[in-house]
Each structure stands twice: as structure tokens, then as C-alpha cells.
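The following exercises are to be worked with the sequence and the three-dimensional structure at hand. Each task is followed by a stepwise solution.

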Amino acid sequence: MDDQPLYNSRIISNFVEFLKAERPELDTRDILAKSGIPPYELEDEGHWLTQRQVDAFHDILMEKTNDPSLFREAGRYMVFSRSARVFRQLLVGFITPIQAYMMLSKVASYLNRGASFKAVKIDRNTVEITCRPFEGVYFKPYQCENNKGSFEAVAEFFCHKRPVLEHPECLHRGGNCCRYILRLQASEHTRWRRISNYLGIGSVAVLVISLFFLTPAQVIGTALALAGLVTVAAFHTQHLEKKDAYEKLTAQGDAANRLLEQITIGYNNALLVQEIGQAVSSILDIEKLMGVVMETLRKRLNFDRAMIMLADSDKTYLVYTSGYGYDPEVESILKTTNFRLDNPRSRGPFVVAFREQRPFLVDDVDNLKDEISPRTLEFIRSFNVRSFICVPIVYEDKSEGVLAVDNYHTKRSLNQSEVNLLMGVARQIAVSVNNARSLHRIMESEERFRRLSENSPDIIYTTDETGVITYISPAARNILKYERDEMLGRTFAEFSPGHDVDAMNRPFRRVQQGESKKTNFEVRLTAKNGVEKLFYMSGAPNFNARGEMSGIVGTLKDITEQRTLEQQLHHAERMNALGRLTGGISHDFNNILQAVMSYQQLLTMNKTSADPDWHFLAQIGDLTKRATDLVGRLLVFSRKVESSLEPLDMNREINTIYELLRGTLPKNIVLTLHLSGDPCVIHGDRGQLGQVIMNLAVNARDAMPEGGELKIRTDTVTFEQDRYYRNVRMRAGEQVLLTVSDTGQGIERKNLDHIFEPYFTTKEADRGTGIGLSVVYGIIKNHGGFIFCDSEPGRGTTFEIYLPRAEEENVVDTVENKDDKKASPRGNETILLVDDEPSLLETGRELFSLLGYSVLTAESGESALAIIERECGDINLVVLDLMMPGMSGEQCLAEIKKIAPAMKVVAVSGYSTATVRENIMKMGAVDFFQKPYLVETLSERIREILDHSGRSS
């Protein structure tokens, strides 16, 4: 039985909801995965889980929590969870929790196929529930605990208070079954009766005590107040008792089985059957049909009164539907009285006729006194009913209601022939009721489909057997911009780009051939405005009333935006991955570049341009600078370096680099500037923004080998509120718009989604690295902006860049003053170089020695500390690498400050974040240099530090 489906998925869904609400630290997806329960099985409320799956769920949950009380707590959560909403609606239909418990065997079958449940009412506030597993099913202890919580939840749903639950017999303690006894809280009027009694006793006690302490007038006042209080409590108690008595009276479903009075027998049974048959064949509205049947019975049969009672949809009540001969007051009572069918102890004729599907002829209601309660008998007599006939209304072995007649005035005797006649009438009524309900269900289904279709964000469609669209929902107008009439009578292939026609027709042909249904296959459709949309398309056979396939019914889900967002997410993930890689290798790579640069400086220090090796050494220097620039661009692209943002006017920056652009572009390319008349101020990094414009200009140049026009435009735009532009959320406010467009070859659509990816290029191998647009993307993101690209082959390319506009104040001037190159300053102090790279120690020692300094070297932080302790007084400055194996540079700096607090330390690193640099300065470093650096630059700063004994920010 371990692999037999026994438990409805709602049980585990309830657990998942409970864990998410009460134990959010638990990963429910992981628990379900380890239990072998896919999430989609829980989404299907009609799915059933095996014993093996629910046992595995229990084992995994216990392994993670070791808390067996969870299963009872989850049971208490059952009635209140979203997954149990159907059962909540069912419970609302019950008047008392006892009645809800009495329906337990039926309700439980919707959740549990492994055991039977039986509820027995012991007294008005106590119920006994028995659970017996079916043969071959092993009932586990945790399931017993879960049952306890579920039973408690039903009472809590009604009474807002848990019942007292006893478990006198249990399968796991050697019992034959699991037996639970639930004692519910006392009724409200009982509690008020106790309160009233206590108030009366207390009032007497207070009054006696007041005789000793209060004046006679005060005693009288107190007595009147207490009497009033007791009177109010007693009146409220009496009111609640009457209310409770009335509710119980109206809840007795079998009380109406004596309401029938005799009616006269019809003089023409054939005519009766004919008229009813005509009504059944032509009327499908239940209420109208029942009215016609009653009118026919009134005319053709000799009965004073008659009525039809039909069961509700859950078969728990008999409800008065139609009748004749009753006084308005009596009919009003019948209409407001529900006759219960779910009380197993009820033996009323209506209930028995319905339940056992057999007719009743009662000559004298007094003969029922041993079968029904005296109160019910008295209720029947109050309507002057002496004899009646009650027949069941049955369709295909299922009871639908009862038909009852009686003689109220004539008091004539009833006979069996009338019973047989009414049985025939009841069968015709049953057919008509079933037909009317079937029609009602069809109409409801059509209405639900219509509402679903009209309100669904997805397109719902039907086609005929040839694929021609016969129905399309209103969503098509919003998504594809076509009116309904423009799509009806056509096939989806007519709206698809040419390359998607075959891909869409193949799945459709399979569905049309009845092979299978198809879900979520991708298709592209062209909207009326020419925009291509991507859809998940689903289709299944659509059958007519004869079971023949009449076409296809399905949905189209627009995933254009979703796919765009997925691509943006994938792009961001790739950017982040490269950023991590770049940050990781930059330190080692910059160390190598530092060594190469230093060796080049050593070789060129005593040479001139006339030296035969000068050209090659200069090339080494240029290549080193290019490599340094490449690493810097990668770091900018990957957002691993912070931009130095300051107020800049975009118009000034473009004018400043205009001549540089002119020199970069060939003469057959016309450069046109259309700059805004108003300042376009942003917070930006001058160098990085210049790199953006240069990269875009170079790309445009390469796209126009035969010449063309490059336009650069600036403008300001204002978004009054947040908006989505090309699936990107743009914040409200003013934006500076920089547009760079060319008339070049353009970019194919398939490449547009990849142009900002690192190392993606459509150029020839020797024409580009594929890093330029990635750097542009990273810079714009660093500036809090957005960049978009529009392009078509043969129509050029346009880049739109949106950057937040800043206030027009403190705009930095773009003019830079460049000092003439000076010789490297010299000195005679002692410098300690600390680095784990031997080549950097070697070149650093040689270069600083040539500048007159005494140089000490250390290959680790530990060695540096030993040297400082030994020669502290002779060392004037320490150049310390931050990233070393063993003791890091930060740890070494901290120890140096302990040994020699006044020691000047310059930190260097191949890669570090702004946070690390800030921490280093706070720890006492006088400056920080990023590798690779020129020794001349470092020596100038060292000279400033040694000469002025100051710390740079």
C-alpha cells in the first residue's frame, strides 16, 4: 500500500502553508524535493499522494526540527489555511460544530482514502470520533497527532476556543481503532444562566453587608441597582434561551414530514401525466417547471395541498421549492425551514423516503409516534395534517427530492393507486430537474468561460478542425492590437513571421490528429503595429457533445517582457561573473605589469632616443600602458572601481573632446553636434564619460568604412512619474539624454541582445576586442544611468543614454593645466620596500638606489617587522604591499604602528576597493598607490611626505 495514492495533496499543502507562516526558517522546497513531492503536484487539488511520500515528508521534517508537535499544530491550522478553503465553505453551512463533526465521514473521504471516520454524538456538547484504517494501510503516530489537531480546529472555527480532547483508545497503544472524545464549551445561554445566578447570590451578599455600613437611603439605592443588574442578566439569559430554542427548531430537518395534508385524487390520471410530460419536455427552468407541475396537480388531482422539496447541492437539506394549498404564513415557514438529511438518527418519512428511495402512505400521523419525536409529531399536528403521501424523486438511482400531498379539508382516505400515480409523476419531475440542472451547469460553465476569457490577461482562443480561428478573447486586442473581427476566420499562421509558420503548424497538426495536447511551445506573432511578440502557446482538442473533436482550444501567454527581463538578468549575471574574475586577477596582473614597467624604466634611464634599443624599449612602455588601461577598463566595466563623480556639464565635455574626435574619425565621416541650449549637468567622472563617447565614436567609425554621418545630441527630458521604458523602470525626475547615432551598417536583431556582453564582437579578429561596449555599459551603470540601442541592418545605429540631471552649481571646469615634465626628485633617506614579488623588490631597489635612497627589502610582513625592530631609527619610510601571503599588508601596518607609531607608510596594491583604501588611511598610512605606477610619480610623493612630514588624503 506504500505506493497507492491515499492522501489528497491538500494535506501537504496545508503543512507547507503552516511551515511558511510559523516556521519560515525552514526551506519547504528542499523538504518537498527530498520527500519526492514535486511542487506542481501540490498545485493540483485533485492529486493524491502515496503513503511513502507522506512518510518521507514526515521523516525529513523530523530530521530538520525534531519537533513532533508540529503535526498537531499543522492539523489545527487546517481549517484556516488557503488549501482548505473548500472545507471552510462547507463548515459555514453547518449550524453547530457537532453537526460538522457528524458529516466527518463524508468530508474525510475527500482527503483520506486510507481510513474511515465515524462520528457519534454523545451529548449536546460531546462527540466521539472513531478512525479505522482500511486493510493494508498502516496508520502512523504522526497521522494520529494530525487528526487531533484537525478535530480541534473544527471546534475552534465555530467557538473560537479549542475543545477538551481525550484519546482513550489508540492503535499505537494496542487498541483496535483510534477513538477521540471532544468536549465542546458550554452554550452561551448556559454561561449567562450561571452569571445570572452568581449575580443574584452576590447581590444578596452585597446587600447584607451594606446594611452595616450604609445609610437606609444608600441601602435602598444599592438594592435597586443590584436588582436592575440581576434583572438585565436574567432577561438576557431568557433571550438567549429563546433564541437557542428557535435555532434548534429551525434546524430540525425531519420536522416537516408531518406538514402534509390530504388533497383530492385527480379524476384524469392520463391527462395529468400528459400535461406534466409536456411541461417536462418544454420547460428547463426548475422554479418555473415546479410551478407548472404544482398547478397541474391542483387541477387534476383531488388533493388539498401538495409540495415539492428538492435537496441542496450537498444533499444535506431538503428545501421547499414549490407547492399549493398552503396559507401564506405556513408557506413562509416552509420556505425558511431546511429539513436536514445528514442526521443518521432521523427517521422522518421525508428523510427516509429520500434516503431509502421508497414511498410512504401514512393514514394517521399518530401511527408515527413511535418512530419520530413527540415534538416533531406535535409540530405536524399543528398544521392539521392527519394523513399524507410522500414519494421520492429519483434520477438514475440518485435521490433529488421528495413530492408530498395531503388532504387538509376533505379528510378523505388515501390509497395505493395514488401512490403509484405520484411515483410516475416523481420520475418525470426527476428527469426534468436533471435536465434543468444540466442546462444550468452548462450555462454556468459558459458564463465562467466568458468571464475568464474576458478578464484573463492571456489570449484564449478556439479553432475549428482546419485551424481557422472561431473565437478569440478580448486580450488579443490589448496585446496584438487587432479587433476581434480582424482575427476571426483566419489562422494563426497568417499572423506569424515567415520563419515561425512551420514551427507553429507542426504542434497544431499533432493536436488536430488527436495525438496529444501541446503546452508552452514558443511562437512569434506580429502585432498590427508591426511589433513581434513572443508567446507560450498551448492547445488541446476541443470536443463537441457527441465526443467528436471539433477543433482546438488553448491559450497564448505573452512572454515578450518576461523573456526580455530574463535576458537582462542573464546579462547582469554574466557581467557580475566577469567582474569577480577581473577583481580576482587584477592584483597579480598589475604586479606583473609593475615589474615589466620597472624593468623598462631601468633600461631606459640612461638611454636616449638615439640608442638603437630605444624604439623597442619605448614599445614595451606603450604596451605596458595599454595593458594597464585594459585592466582599468575591465574594472570600470565590472563596476569594481568607484567613479570619481563631480558636477559636469555634458555639453562642455563634448565640446572639449570635439577636436580629439575629429582627429579620430576619417575625413569621409561627418561629425555633427546638436547640443542642448540649456546646460546638461550631471554627476559624472570626466575620464570615464570621455571613454564612453570615444568608444561609441570608434564603433561608429568601424560601422561606416565608406563614410557617413555621426551625430551627437544632448537634451533634457522629464518623467513626471516612474515609468517603464523598454522593460526598464525609469525613476521620475529630470534626465540628461545623450544620443549617439550613425548611418552605418547597423546591427542584426539576433546580435542586439549581446552587444554589451564582454568580448562579444561582430568585427574581424584584428579589428576589435569586444570590450568597448561592455566598458560603456559598466560606466553608465556606475553613473546610475541606462543605455539603450536601436539598430537595423542598413539603417544605422542609435545609442540613447539617460543620466540623472544634477543642479547647475559648482560645475567643474574641463580645462586642465599640465606642468612640464620634471626630473625625478632625489633623496638620501632610507626606504624599506615590502613585497612578496622578488622582481618588484629587485627593480624597486635599483630604481630608488639610482635616485640616491638607501633601500632595504623584505619579502613578507614578518620579515619587515623584524627589520623595523632592528633598524627602526634608520628607516624613514616604508612602501608596503597590501596583498601578501601569510601576514597581510593591513596586519603588518597595524604591527608597524605598534612598534613605531611615527613611521610613515605608503601602501601599494595591484587591486583594492575604496573601503580597503579608506581603512588603510584610518590605520595610519600616509598615502596609497595603485599598481602599476611610475617610480617617478611615487618618488615625487615620497619626497613630499619626507619633506613636509604630512599625510595625504
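C680 counts as buried because its relative accessibility is 0%, where buried means under 20% relative accessible area, exposed over 50% and partly exposed in between (1.4 Å probe, protein chains only). The model is a predicted one, in which local features need pLDDT of at least 70, side-chain atom pairs count only at pLDDT 80 or more, and totals for chains, interfaces and linings use all residues. Residues are numbered from 1 along each chain as its sequence is written, and side-chain values use heavy atoms, with hydrogens and water left out.

**Exercise 1.** Classify C789 as buried or exposed, and state how many disulfides the count comes to.

Solution. Step one: C789 has 14% relative accessibility and therefore counts as buried. Step two: a disulfide is a covalent bond between the sulfur atoms of two cysteines. The criterion applied here is a pair of cysteine sulfur atoms within 2.5 Å. Step three: by this rule, the count is zero disulfides.

**Exercise 2.** Describe how strand β22 pairs with β20 and with β25.

Solution. Step one: strands are DSSP runs of E with at least two residues, and helices are runs of H or I with at least four, numbered from the N terminus. Two strands pair if DSSP finds at least two bridges between them. Step two: β20 (residues 669-674) runs parallel to β22 (residues 708-719), with six bridges; H674 has R713 of β22 as its bridge partner. Step three: the pairing of β22 with β25 is antiparallel and comprises ten bridges, and T716 lies opposite V736 in β25.

**Exercise 3.** Locate Q735 and determine which residues it contacts beyond its sequence neighbours within four places.

Solution. Step one: Q735 belongs to strand β25 (residues 733-742). Step two: its relative accessibility of 9% is the reason why Q735 counts as buried. Step three: with contact defined as heavy atoms within 4.5 Å, and neighbours within four places in sequence set aside, Q735 touches D715, T716, V717, F719, Y802, L803, P804 and R805.
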